[in-house]
Structures are given as C-alpha cells and as structure tokens.
Amino acid sequence: MRRFATLVKMLDATNKTNKKVDTLTQYFKEAPKKDGLWAVALLSHRRPSRPVTTTLMRNWAAELAGIPKWLFEESYHIVGDLAEAIALLTQKEGGVAAPSLSACIEKIIILKSQTDEEKKQYILSQWKSLNYFESFVFNKILTGGFRIGVSQKLMTRALSRAVNVDEKILAHRLMGQWTPQTTSFERLILHPNPEDQISQPYPFFLAYPIEEDLFFKKEEADQWHIEHKWDGIRAQLILRKGSHFLWSRGEELITDKFPELEVLKNLLPRGTVIDAELIPFKNGFIGNFQDLQKRIGRKTVSKKLQEDIPIVLMAYDLLELDGEDLREKPLWERQEKLDVLLKKFKSSDCPLLLSKVYRFKNWKAVRLEREQANKKRSEGLMIKHKEAPYGVGRQKGSWWKWKSDPKSIDAVLTYAMRGHGRRTNLYTDYTFALWEKGELVTFAKAYSGLTDIEIKKLDQFVKQNTLDRFGPVRQVTPQLVFEIAFEGIAPSSRHKSGIAVRFPRISRWRHDKKIEEANSLDDLKAMLP
Amino acid sequence: MPLLEFTSKGIYCKQADVYLDPWRGVDKALISHGHSDHARWGTKQYITNEINVPIIKHRLGNIIASGRKYNETFTINGVQFSFHPAGHVPGSSQIRAEYKGEIWVFTGDYKTQADGISTVFEPVPCHTFITESTFGLPVFQWEQPQKVHDSINQWWAQNHSEKTTSLLMGYSLGKVQRLLKHLDSSISKIYTHGATEHMTQVLRQFIDFPRTELITRDTTKKEIEGSLVLAPPAVLGSAWIKKLGLLSTGYASGWMAFRGARRRRAVDRAFVLSDHADWKGLLSAIRATGCENVITTHGYTELFAQYLKEQGWNARTQKTQYESETEEILVAE
C-alpha cells in the first residue's frame, strides 16, 4: 500500500508524460507481482465492487473527524472528491506499517459480505493508521473512479518496458474481463494460456478528429477510404469455438443485452472477429442513439423491447478470419475480405450490415458526402488510409473522424455547480436554459469549452450573483448568454424541456447578447430532424 | 452603537473617526498589514506597526505613515488603540480598540504557527473578535512547517544533483521571505525575481536572510543551473521563465492542500504552506480571546460562523472586500 500510494503521489506530482512512464515502469519492476497485477487492474478501471455505501463512509468520517454531519457535507462539496475529503479530515501522521496493496484489496473484497459494524471497525482502523496519501488511495479503491491522470495506454507502455513484452501484444493481453482474483501476473501478462483467450477482444483502433487545414492540403483523396460515422455503440463481435461475444469499446461484455445476435453463431464461420457499430435499426431506418441506451440500461431484455428497439451491427472491419489475426493487413484487404464474407453468409434475418465504403477522387466530393450525413443519419465521416494496418488505441495518422458541423443555440446561464478533480473549488459545471412563454426552461448542462481565464471570470460572476444555494449548486441571476453547441437532438420524455441534446458544450461566451436575445425552446424544437 | 461598524469604505470606528484597513481612500486609517487588499492606496494618514511602515511605503509610494510598537497604546478621541502581533507576515498586527471598557479586536490576517520571520501571534482578550476565516474549513490542517521546509530543501538538493534549476514560487510579501529564511544555502546559490528581491531588501533591515542574487538580463542559464530561484506565481507561463533553462517548478500555498488546485496549478511540486491559520488554529485563537461575539470576515465565512454558533458563540458573518475564496486565483494574475 505504501509503495502504491507513493506511486500515486509521484504520478500526481508531475505533468510530464516521460516522467510518469518512468515512475510507473520503476513501480512494476519493484512491486511484488501480486500488487503489480492489482495496480494494472486499478489503472485499467477494474476495481473490487464497492463494499460499503458512501453514505455510511460519510457518517463515519464525520464522526472520526469530530465535526457535525452538515459540515462534513459542505467540506466534501468544496473539496470535490469524497476520497480526498475523508483523507483530509481524518489525516494523521501515519507511521504504522500499511498492509500491501493486494492484502488491502483482498480485505476489501471480503468486507462486502460482513456486517456494517465490522465494516466500520475495519475502515476506521485504516483511517486512523494510514498517512494522508495512503488514506486517499484506500478511499479511492473503496469508492471507485480511480482517475489519476494515467491513461491505459501510458500504463501499458510502462508495463511493457518493465516486463519486456511488446506494447501491442500486451495491450491485447490486458483486454477483456479479467480480475486478479481469478488470474495471476504470470498467466495474464507474462505467459498467457490460449485457452483463456477465446473471448478476448482486440484493442480497439480509435480515430483522431481531423486537422482540416493541414490534412486536405497534404493528402490525396484517392489514398483514403471514406465511410459514414454511425452514431451508436462501437462494438467488437467475436465468434470462436462455437461461442459468440460482443464487447463494447469500454471493454464491457454486452453479449446478453443483444440476444438477436446469437443467430450469427450459426451464420458466420468460427474464428471471425468483426469491428462494427451497434445501432438501433427499425424497418430499414436508423434510430436514435438514446433508444440504444434503453436497451443497455435494462437488466432483462424482453421480447417487446427487442421488437420496439431492434438493432443491427454496421460492420466496417474484419480483424480475424479463420482464426487468423488480420490486423497487420492493409485496410483495403480487410475490407475486401469482410465484403466477401458478408455476401457469402447474407440472409434476410441477418442482423449484420456492411457499412458502405466510398472512394472519391478529390476532397470536394468528400465534402459533399459529408453534407449528406444528417440525411443518412450519421455523425459525419470516417477517413481511413487504404494501406493502414489496424492499430492499437488512439493513434494519429491513418484513421480520422470528420464530424458534421455541430448545431448551436444561444442559452442563458441559470445554475452553476462546483467542479471536480482539476476544477475543484471553482464553479465550472453549468446549467443553461431557453425561453418558453416568458420563463427560462433548463435544456442542457455543459462544462467544457471555456478557457481557463473565462472559467475564472465566470467563477467570480457565480460567487457574486448567487440567488440561492443547494449544496454544491448555486442558482445565479440570469444575466449571461452562451452559445451552446451540440451533436444530436431528439425528443425526450425524461427532460423537462422535452428535448435531449448530445454532447452539449459551450462554444462561445456571447458578451454581445442580452438574455432577452437568447433563443427559445421553440427555436430548439425546430431543429428536430 | 457598536464600537466598530462595517461601512461601504471599510471597518469604521465612529467615536475615533478612523478606519481599519479601508478599501477606499479615507482621512485616517489603521492598517493591519502590508498585503494589497488590506493596505490600499489613497488614504491621507496611515498608522500601522513600525515594521509595516517601510513595507507599505515600498508598496504605496509617497504616503504619510506613522509607526507604533506592538502593545503600545495610543488614544484617539477617547478610544484606546494598540497593535498586537498577528504572525501573518512581518509587521502584521491585530488591531485592538477599547472604549468605556468594551474591547474589540480586528485580526486582519493571522496564523498561530511560528514562521521564523514574523513576531509570533499573541491572543488578545476581547469581547468581540473580528476574525478572518480564509481556511475556515476542517479539511485544512497544516503540517509542522519544519517538515515542509525540509521537503523543499530535499527537492532542491535532488534537482541540484540533476543539474536542474528549482523555481520556487510564493507570494512576494511574507511567503517568499519565509521560504528564503529556511532554505539550506549550502546546497547552492539563491536567485530572485525583481518583485521578490525588492520586498526582501526592505525586510533585510529587520530580519537576517541568506544571500540572494537578482536575476537580470545578463544572467545566463549556465550560471543559475542547479540553484534555486524565488519568484511570484505570476511568472508561471510568462516569457521570463523561459530564460531559466531546465526547471523543476514548486509552489507554496495553503491552497495546495487540494489535489484539484495542485493539478490546476500544473507545477511539479506543490508545498502546503500557508500564512493563514488552519481550522484548529482559528478555533484555538477564538477560544484564547475569551470573546462572546465573533464576526467572520473572509474565506469560508458562513460555514465557519454557523459552526461557531453551534458551539455557543454569538457569531455572524460580515462582507468585506478582502480577498477570500478566490485568493489563489487573484494572486496568480
């Protein structure tokens, strides 16, 4: 625990990527294998399930700190992070030897089935004996959300250096649903057993947003394959040894949520892996992304739900055929093979479609195709180099996304909330409203798009123009207008405004506009497709 | 009529017709300390602790300022005033006012820890205590300052061994001198930015500091390699910083207790070192005065006052124009 806490402290203390990788590499070299594996798990967002509610933790922390409950809550909101607030409020000099990371987590796993009194006794004993940083890490493991400015890519790179295994191979080994409870450092990382890997997905290859000015000047259109960028869930379909698996990009196994894909087990040959977008698709039309969330959200997938929101996989890449890894083959070859495969096994009830590949002679034609995006219900275009192999993670160079220009609307700032993490102690999460019969109706929340200087100015404004307070939220005098950009727009019964927008963000502070000049809800409704 | 009241120009004693740390120009003002939110420009006559006189003259230019010793009583129209050590920065005072047996104390800014350069805080018994509450939340608990100074010296020594220059940033009045006082000058040389050098020069007449050298246009990267440079936080992201070569950056502030603030500040090392009282410091200071009434002025005023009320004090908040929640941000700009 001490070693891991020191690692987190050192990672926290630098902004330099190289230094982070060095620090991590050193850790993986020195840490006992058992701890190292848990560190890999935590840094790739695999954590033991929460043994205790945060409500209980908050009560116990207030009690230990000797402060009233309300003061604990206020402190927590100001700190912006529960794990940190508890560590600050219960801080001790430490000194007592902390248990190892794996021993600590094993205890946390057992804790789940114990009584509240036993939980309390253990957790309080840790708060009393761990030093500030150890306590912070301990609380982070308990509450989850282990974000410490280290991407999975960075962690993989460091681990690759420490154990001398190629980064790409390692990234593949770390995919899927594993836990240190059922595997070991040896079996997962050093010498994996092929039997364990039937369900294992390949790392997803991710695209960068295109740098328009540079790209179109430098590149020839005929070297690139164009596809529409479908608005669904990125998914990998695996058919191996008579079983099928569907993974989402977040490395979640979502096979059970889409039972209609089971037929593919009999349609496609074994040893096939397809990269695709899972989209709602009814009577030949592409549906809304929001509908897909309904299907993901339900515990059991009823027949009715399947009928209401049918889905298809829009396939665009073939990663494995007849058990052979195709990722090093050029894109055009993989696409050709995918085309042949789908044609061969095509049937009317097959929930698998081929995402059409376009080839254009010049960028002007590509631009025209992009203008069709809304009509074809895509988010824009994907631009992929025809000779490119299938990479690992987000890499610049061969896969680009060129989204449609966002829609935008001018809205009034009505509420602000304190931010988290880097934005702790500043009002950075904002709520925006539009006019409806002389009243302001909330339509979206947004927290990105402002510069640091604008955030500071807005923070000052919020503090000086507070009308009311609700915990970490402040209602402010309606006075400021912002241009809010967003991607998709759809009707919604869950939102007060009756409309849901996707990826809302602030595109501009409209200093030039008075609140009377902000848009109305009707203006927004007029944008519905 | 209260002895001290809060007006649009600042804290006012009507009986003596004098202001305490006013934020507008007035005829006569008693000044707690030299920070710019407490000692402002435009007043005809400033009265302050004797150590603070050269500080505010340096900051405000050609002003009329008279100095008083700590604990020395002087009377203005029947009101007895005196300055008492606040331990915040050199020359900082709590201001005591007594009239017909009623005693008020205005703290300005203060800390209860000794910092090695300021006269140590002394509790002053009173009926009404106007206290700052910049860090009036229980999450703020300062470490022993010596531990922080030790880790600063370790950081510097490590950088020095790697031929890297250490840039240590802090507020120009108080923090920088406190840092300087505890630097281990056997490691290497100490350089300063102009803003910090001038204030340090002013204070050298009262306090012994290690030698410092001003960074000028002619200073080369090679010359300062491995040394430590003291500068105000405003240099972060400026052109000045580029002249320093290979750097490790450090920032000393109470706000660095928050992980979010540390990450936002984007320095290599954050040192939690404050010239304000922490939660326990504030509570012990209030208890030591034996007061009945508490008025909290800047920082987490409302939360702190609410807590004090629950603990049995007659506590309330008062809006002032002293910088508070946003101190860190304003200092940086």
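This is a predicted model: local features need pLDDT of at least 70, side-chain atom pairs count only at pLDDT 80 or more; totals for chains, interfaces and linings use all residues.

Reader: Let us start with helix 10 of chain A. What length does helix 10 of chain A have, and what span is expected?

Author: Helix 10 of chain A covers residues 152-163, twelve residues in total. From first C-alpha to last, helix 10 reaches 16 Å. That is close to the 16 Å expected at 1.5 Å a residue.

Reader: Which residues of helix 10 of chain A are buried?

Author: The buried residues are M155(A), T156(A), A158(A), L159(A) and S160(A). Their cover includes helix 2 (17-30), helix 3 (33-43) and helix 11 (167-173) of chain A.

Reader: Why is Q152(A) called partly exposed?

Author: Q152(A) sits in helix 10 of chain A. Within 10 Å there are 17 other C-beta atoms. Buried needs 20 or more, and exposed needs 12 or fewer. The count of 17 for Q152(A) falls in between, so Q152(A) is partly exposed.

Reader: How far is Q152(A) from V21(A)?

Author: Their C-alpha atoms are separated by 11 Å. Along the chain, Q152(A) and V21(A) are 131 residues apart.

Reader: Which residues of helix 2 and helix 10 of chain A meet?

Author: Helix 2 of chain A brings T17(A), K20(A), V21(A), L24(A), T25(A), F28(A) and K29(A). Helix 10 of chain A brings L154(A), M155(A), R157(A), A158(A), L159(A), R161(A), A162(A) and V163(A). By class, nine are nonpolar, two polar and four charged.

Reader: What follows helix 10 of chain A?

Author: N164(A) does. Its phi is positive, near 60 degrees.

Reader: Why are helix 4 and helix 8 of chain A called oblique?

Author: Helix 4 spans residues 54-65 of chain A, and helix 8 spans residues 116-129 of chain A. They pack at about 50 degrees, with axes 11 Å apart. That angle makes helix 4 and helix 8 of chain A oblique to each other. Helix 4 of chain A passes helix 8 of chain A in a right-handed crossing. L56(A), W60(A) and L64(A) of helix 4 make the contact with D116(A), K120(A), I123(A), L124(A) and W127(A) of helix 8. Six of these residues are nonpolar, none polar and two charged.

Reader: Now chain B. What makes helix 1 and helix 4 of chain B roughly antiparallel?

Author: Helix 1 of chain B holds residues 52-60, and helix 4 of chain B holds residues 194-204. Their axes come within 9 Å and cross at roughly 150 degrees. Angles over 145 degrees count as roughly antiparallel, so these two helices qualify. The crossing of helix 1 with helix 4 of chain B is right-handed. P54(B), I55(B) and H58(B) of helix 1 contact H198(B), M199(B) and V202(B) of helix 4. The classes are four nonpolar, two polar and no charged residues.

Reader: How do you know that N77(B) is exposed?

Author: N77(B) has 11 C-beta neighbours inside 10 Å. Exposed means 12 or fewer, so N77(B) counts as exposed. N77(B) lies in the loop between strand 7 (74-76) and strand 8 (79-85) of chain B.

Reader: What is the phi of N77(B)?

Author: Phi of N77(B) is positive, about 45 degrees, although N77(B) is not a glycine. Most residues other than glycine have a negative phi.

Reader: Why is K163(B) called exposed?

Author: K163(B) has 10 other C-beta atoms within 10 Å. The limit for exposed is 12 or fewer, so K163(B) is exposed. K163(B) is in the loop between helix 2 (145-161) and strand 12 (165-169) of chain B. Its phi is positive, near 55 degrees.

Reader: How many residues of chain A and chain B are in contact?

Author: 27 residues of chain A are in contact with 20 residues of chain B. Helix 5 of chain A gives the most to the chain A side, with five residues.

How values were computed: Residues are numbered from 1 along each chain as its sequence is written. Chains are lettered from A and ligands numbered from 1 in the order in which they are written. Axes are lines fitted to C-alpha atoms, for helices over the stretch in contact, and angles run from 0 to 180 degrees between N-to-C directions. Helices (H or I, at least four residues) and strands (E, at least two) are DSSP runs, numbered from the N terminus. Angles under 35 degrees count as roughly parallel, over 145 as roughly antiparallel, 65 to 115 as roughly perpendicular and the rest as oblique. A crossing is left-handed if the near helix is turned anticlockwise from the far one by less than a right angle, and right-handed if clockwise. Two residues are in contact if their C-beta atoms, placed from the backbone, lie within 7 Å. Ala, Val, Leu, Ile, Met, Phe, Trp, Tyr, Cys and Pro count as nonpolar, Asp, Glu, Lys and Arg as charged, and the others, Gly among them, as polar. The expected span of a helix is 1.5 Å times one less than its number of residues.
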